[in-house]
Amino acid sequence: ARPPGHDEAANHHVDGVAPVTPPSHSVVDQQLLRIARVTLTEHVRTGELPPGTPHTRALTSPSGAIIRLHEGQRLWGSGGRLAAESALFRAVQRAVVAAASAGDRVLVMAELTALAIEIVIPLAAHQVSSARELVIGTNGLEISRDGKPLALLLPQMAVERGLDAAALLALALDIARCQVESPGVVITSFTARVIRESPRRISHD
């Protein structure tokens, strides 16, 4: 006897052809970390992106991506975009290059082994107008004016800095140098999936 609610069509597949099972988040996460690591190494070595395009739909679907590079407890650099302007794998590549190029320091090969990669993949996003609409540890913020991004705070940053919702919004507005009521200003709240490499051992030789 079939269990109640059993749908034979759900298990149907063409004879001789196994049903396609989408890769799990854990598999895709490891692929993204590898793409970011290989891209970082290739960029530092040659200034170019590594060749090749993945065939997994989860990696080629449009998405934004933000990368943070950590040296122990210190943030080395960050970069990326919230908007889904390219395939996810390409967004990760561009973000890791931007993170490696942030600031005045030049990243060299000898430093790569000490840097741990954190990938932030934006998920649901919606416009907000006050701090009451934010959930600490869940929502990040992007502030833009006339379509140009001015400030980006990730969901985990409020927890890391011990900020409440009002302080998080105030910090974002201060970075963007604008006010909630400023003409053309849009405040976007977003959730995200965070993928991290294990912390790297720092050599003091």
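In the chain described here, residues 24 or more positions apart account for 74% of the contacts with a separation of 6 or more, a contact being a pair of heavy atoms within 4.5 Å. The model is predicted, so that local features need a pLDDT of at least 70 and side-chain atom pairs count only at pLDDT 80 or more, whereas totals for chains, interfaces and linings use all residues. Residues are numbered from 1 along each chain as its sequence is written, and side-chain values use heavy atoms, with hydrogens and water left out.

The secondary structure comes to five helices and six strands, where helices (H or I, at least four residues) and strands (E, at least two) are DSSP runs numbered from the N terminus. Read from the N terminus on, the elements follow the order α-α-β-β-α-β-β-β-α-α-β. Of the 205 residues in the chain, 41% are buried; buried means under 20% relative accessible area, exposed means over 50%, and partly exposed lies in between, with a 1.4 Å probe and protein chains only.

Strand S1 (residues 62-71) is mostly covered, with nine of its ten residues buried. Two strands are taken to pair if DSSP finds at least two bridges between them, and S1 is joined to strand S2 (residues 74-87) by nine bridges in an antiparallel arrangement. Within this pairing His70 stands opposite Leu75, and the two strands form a hairpin with two residues between them, where Gly72 in the turn has a positive phi of about 65 degrees. S1 is also joined to strand S3 (residues 115-128), again antiparallel, by six bridges, and Ile66 has Val120 of S3 as its bridge partner. Ser63, which is found in S1, counts as buried because its relative accessibility is 10%. Leaving aside neighbours within four places in sequence, Ser63 is in contact with Ala83, Ala84, Glu85, Ser86, Leu88, Ala91 and Ile121.

Helix H1 has 22 residues and reaches 31 Å from its first C-alpha to its last, close to the 32 Å expected, the expected span being 1.5 Å times one less than the number of residues. Its buried residues, among them Leu32, Ile35, Ala36 and Leu40, pack against helix H2 (57-60), S1, H3, S3 and strand S6 (185-196). H1 is followed by Gly47, whose phi is positive, near 80 degrees.

A nonpolar core is a set of buried Ala, Val, Leu, Ile, Met, Phe, Trp, Tyr and Cys residues joined through side-chain atoms within 4.5 Å. The largest such core has 29 residues, and those with the most contacts inside it are Leu32, Leu40, Ile67, Leu69, Val92 and Ile119. The elements that give two or more residues to this core are H1 (25-46), S1, S2, helix H3 (88-100) and S3, and H3 gives the most, with nine residues. A second, separate core of 23 residues includes Val120, Ala165, Val185 and Phe190.

The largest pocket has a volume of about 340 Å³. On a 1 Å grid over the protein atoms alone, a pocket is an open set of points where a 1.4 Å probe fits, with protein on both sides within 12 Å along at least five of seven lines, and lining residues have an atom within 4 Å of a point. Grid points are joined across faces, edges and corners, and the volume is the space filled by probe spheres set on the points. Of the 17 residues that line this pocket, the closest to its centre are Ile66, Ser78, Gly80, Ala151 and Leu152. S2 provides the largest share of the lining, six residues.
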